[in-house]
Amino acid sequence: MELFWRQGYVATGVAQIQAETRVLPGSFYFFFKSKELLLLAVLDRYMEILNSALRDPVVEKTRDPVERIFTLLGFYRRQIRESRFELGCPIGNLALELGNRSPAAREKLNALFDEWRGMVQSFLAEARDRFPPGTDFKAISTFVLTTMEGGIMLARANQDVRQFDRAVKELRNYLNLMQTGKKAVSRKRSRT
């Protein structure tokens, strides 16, 4: 996981993986017939730890469901800064790098993105009374994901976390406007 995250899938050789993990070639190939099968196992592991690594700490730290989204995004912001713009989202990195190289990996990457969006969608759904009726929380969760991934990419490309901050600020403005819209609709209905 660490090697694929830090240097990418293509740049990480099997010999390096064996050296870093102190695993003999025979042992490696006993468990993983190919580097791609190792990648698929890494993606499975990401799926296993998604809740414990992201959702659970966010829920513990922040009670407000909408604020949980920004706590989650804050995790990625810290990661960008602490790595000095070297590391992004491990799933986003792999998705960009792999493209269509591995249909099996693409399927797992999409499942991970779906799971991440589902987490954000559940936060929004908890606050449904603060949004206008009919709000598409699934679409907004995709907006949050693209804001996060795009913000990370811009911050890394510019070596400037303010790029990420601007994207997150606009997302916050958007969600605030939606919630304000709910209040305006409610006031209008109470007058009629």
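## Order of elements

From the N terminus on, the elements of the chain run α-α-α-α-α-α-α-α-α. The model is a predicted one.

Along its principal axes, the C-alpha trace spans about 75 × 30 × 30 Å. The chain has 192 residues, and 42% of them count as buried. Among contacts with a separation of 6 or more, 69% are made by residues 24 or more positions apart.

## Nonpolar core

The largest nonpolar core has 54 residues. Ile-69, Trp-116 and Phe-164 have the most contacts inside this core. The top contributor is α4, with ten residues. In soluble globular proteins, nonpolar side chains tend to be buried together.

## Largest pocket

The largest pocket has a volume of about 340 Å³. Its lining comprises 20 residues, of which Tyr-46, Leu-54, Phe-75, Tyr-76 and Pro-90 are the closest to the centre.

At least two lining residues are supplied by each of α1 (2-7), α4 (35-61), α5 (65-82), α6, α7 and α8. The largest share, five residues, comes from α4. By class, the lining of the largest pocket divides into 17 nonpolar residues, one polar and two charged.

## Second largest pocket

The second largest pocket holds about 230 Å³ of space. Fifteen residues line this pocket, and Ile-17, Thr-21, Phe-28, Phe-32 and Leu-38 lie nearest its centre. The elements that contribute two or more residues to the lining are α1, α2 (14-21), α3 (25-31) and α4.

Ten of the lining residues of the second largest pocket are nonpolar, three are polar and two are charged.

Ser-102 sits in the loop between α6 (90-98) and α7 (103-126). Is this residue buried or exposed? Ser-102 counts as buried because its relative accessible area is 5%, under the cut-off of 20%.

The side chain of Ser-102 is joined to that of Glu-36 by a polar contact of 2.3 Å.

## Glu-149 in helix α8

Glu-149 is found in helix α8, which covers residues 137-158. Its relative accessible area is 18%, so Glu-149 is also classed as buried, the limit being under 20%.

Which residues does Glu-149 contact, leaving aside its neighbours within four places in sequence? They are Cys-89, Gly-92 and Phe-113. Glu-149 and Glu-115 are 34 residues apart along the chain, and their C-alpha atoms are separated by 15 Å.

How values were computed: Residues are numbered from 1 along each chain as its sequence is written. This is a predicted model: local features need pLDDT of at least 70, side-chain atom pairs count only at pLDDT 80 or more; totals for chains, interfaces and linings use all residues. Side-chain values use heavy atoms; hydrogens and water are left out. Helices (H or I, at least four residues) and strands (E, at least two) are DSSP runs, numbered from the N terminus. Buried means under 20% relative accessible area, exposed over 50%, partly exposed in between (1.4 Å probe, protein chains only). A polar contact is a pair of N or O atoms within 3.5 Å; within protein, one must be able to donate a hydrogen and the other to accept it, and residues adjacent in sequence count only if both atoms are side-chain atoms. Contact means heavy atoms within 4.5 Å. On a 1 Å grid over the protein atoms alone, a cavity is a set of points where a 1.4 Å probe fits but cannot get out, and a pocket is an open set with protein on both sides within 12 Å along at least five of seven lines; lining residues have an atom within 4 Å of a point. Grid points are joined across faces, edges and corners, and a volume is the space filled by probe spheres set on the points. Ala, Val, Leu, Ile, Met, Phe, Trp, Tyr, Cys and Pro count as nonpolar, Asp, Glu, Lys and Arg as charged, and the others, Gly among them, as polar. A nonpolar core is a set of buried Ala, Val, Leu, Ile, Met, Phe, Trp, Tyr and Cys residues joined through side-chain atoms within 4.5 Å.
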